[in-house]
Amino acid sequence: MLEELEQLHEAALQQLAAANSGDDLDNWYKQTLGRKGSIQLLTRKVGSLAADDRPIFGRNVNIAKKALQEAYDARAQQVKMAELAAKISAEALDVTLPGRVQPQGRLHPITQTMRAIYRVFGDMGFQVYRSRDVETDEINFELLNFPPHHPAREMQDSFYTNTPDVILRTHTSGGQIRAMHEYHPEPIRVILPGMCYRNEQITTRSEIQFTQVEGLAVGHNITFADLKGTLTEFARRMFGEERDTRFRASYFPFTEPSAEMDVSCFLCDGDGCQVCKYTGWLEILGCGMVHPNVLRNGGYDPDTYTGFAFGLGPERIAMLKYGIDDIRLFWANDLRFLEQF
Ligand code: DAH
């Protein structure tokens with residue numbers, strides 16, 4: 001029996017050495033030291049021993065149990081440490097690795113251009129006034145002195161809605177009327193930015209949607225000299241201190257007199273190049289003194305108030321500034337284009 005005990009002890013130690021997980025250890029414990037384990041089963045045979053041998057056997061069993069329990073505890077500790085080490089290395093985090101680059105958003109080139117425009121006019125005391133994209137024919141045309149069948153409407157082929165006389169604004173100029181109604185009788189200095197919509201043939205130079213920034217100043221004793229000074233200062237801040245401007249007579253129903261402003265070409269300094277078509281000048285905006293009918297429609301008496309207005313196209317300015325030759329790129333949402341700004 002002692003021999004058998006010794007063999008069991010030996011075998012149990014070998015099995016224990018092979019136990020590599022918590023499950024292995026549990027099984028080993030059950031089969032060895034458990035209630036129905038090999039050692040326990042052996043002790044049941046104690047009755048077959050001679051009475052004198054029983055205490056000796058009993059002592060040896062206790063020694064073996066104690067030794068196995070200690071071996072078990074030691075192995076359990078080893079397995080636990082090994083499992084922990086494996087877990088740590090599996091979840092290893094290398095804090096010295098470079099981070100993954102997150103794609104970063106940026107402002108659309110037109111938003112950037114708009115903001116540059118806001119800054120310049122903001123410094124001159126103009127506030128941003130938001131007007132609506134969906135507009136009535138009355139505000140978009142009639143109150144701006146375009147009577148129903150006036151030929152000047154031809155230049156702004158409109159998108160109509162299902163509601164009669166409600167259109168998508170073809171220009172930001174209608175906002176002048178809304179601003180006047182809101183500010184009357186106070187003096188006004190506002191710029192009105194926003195998207196405009198025209199039923200155009202889409203080409204490299206014209207789109208069915210584009211932005212405009214309108215400007216309006218109304219007050220006492222405002223003259224054409226104020227208009228020229230304001231817009232020339234704008235051109236210099238936008239395109240460089242050395243820029244010259246020139247005003248050419250033009251026609252808009254809502255201004256009288258009306259003009260178009262050119263700025264000396266900032267690419268060739270006025271010598272002539274492809275961008276300015278060898279004229280030395282770039283056309284950048286329309287402007288004029290607010291027509292008396294429009295002042296009246298806005299609630300201002302043209303006998304005591306005067307004003308000037310202008311309208312410019314941020315796409316056109318951005319095209320000139322960055323040398324972009326196709327206006328369709330702005331709203332095509334192609335990241336290869338947008339990421340360049
Ligand atoms: N609304 C005009 C257009 O879309 C631009 C314009 C010209 C606006 C002269 C003005 C202005 O305020 O005075 O073509």
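Visitor: Which residues line the second largest pocket, and what makes a residue part of a lining?
Guide: Pro103, Gln104, Arg106, Leu107, His108, Leu335, Leu338 and Glu339 line the second largest pocket. They count because each has an atom within 4 Å of a point on a 1 Å grid laid over the protein atoms alone. Keep in mind that this is a predicted model, where local features need pLDDT of at least 70, side-chain atom pairs count only at pLDDT 80 or more, and totals for chains, interfaces and linings use all residues. Residues are numbered from 1 along each chain as its sequence is written, and side-chain values use heavy atoms, with hydrogens and water left out.

Visitor: How does the lining of the second largest pocket divide?
Guide: Into four nonpolar, two polar and two charged residues. Asp, Glu, Lys and Arg count as charged, so Arg106 and Glu339 are the charged pair here. The volume of this pocket is about 160 Å³.

Visitor: What volume does the largest pocket have, and why is it called a pocket?
Guide: Its volume is about 1,300 Å³. It is called a pocket because it is an open set of points with protein on both sides within 12 Å along at least five of seven lines. It has 44 lining residues, and Arg205, Glu283, Ile284, Gly313 and Arg316 are the closest to its centre. Two or more lining residues come from each of β5, β6 (245-252), β7 (255-264), β8, β9 and α10 (314-322). The largest share, seven residues, is from β8. Sorted by class, this lining holds 19 nonpolar, 14 polar and eleven charged residues.

Visitor: What takes up space in the largest pocket?
Guide: The ligand does. A molecule sits in a pocket if more than half of its atoms lie within 2 Å of the pocket's grid points.

Visitor: How many residues surround the ligand?
Guide: There are 16, and the closest are His171, Ser173, Arg198, Gln212 and Glu214.

Visitor: What lines the largest cavity, and why is it called a cavity?
Guide: Its lining residues are Ser131, Arg132, Glu135, Asn140, Arg169, His171, Thr172, Gly174 and Gly175. It is a cavity because a 1.4 Å probe fits there but cannot get out. It holds about 30 Å³ of space. Its lining has no nonpolar, six polar and three charged residues.

Visitor: Which peptide bond at Pro185 is cis, and where does Pro185 lie?
Guide: The one from His184 to Pro185, with omega near 0°. Pro185 lies in the loop between α7 (174-183) and β4 (188-197). Another cis peptide bond joins Glu256 and Pro257, with omega about -5°, and Pro257 is in strand β7.

Key: A residue is near a molecule or strand if one of its heavy atoms lies within 4 Å of it. Grid points are joined across faces, edges and corners, and a volume is the space filled by probe spheres set on the points. Helices (H or I, at least four residues) and strands (E, at least two) are DSSP runs, numbered from the N terminus.
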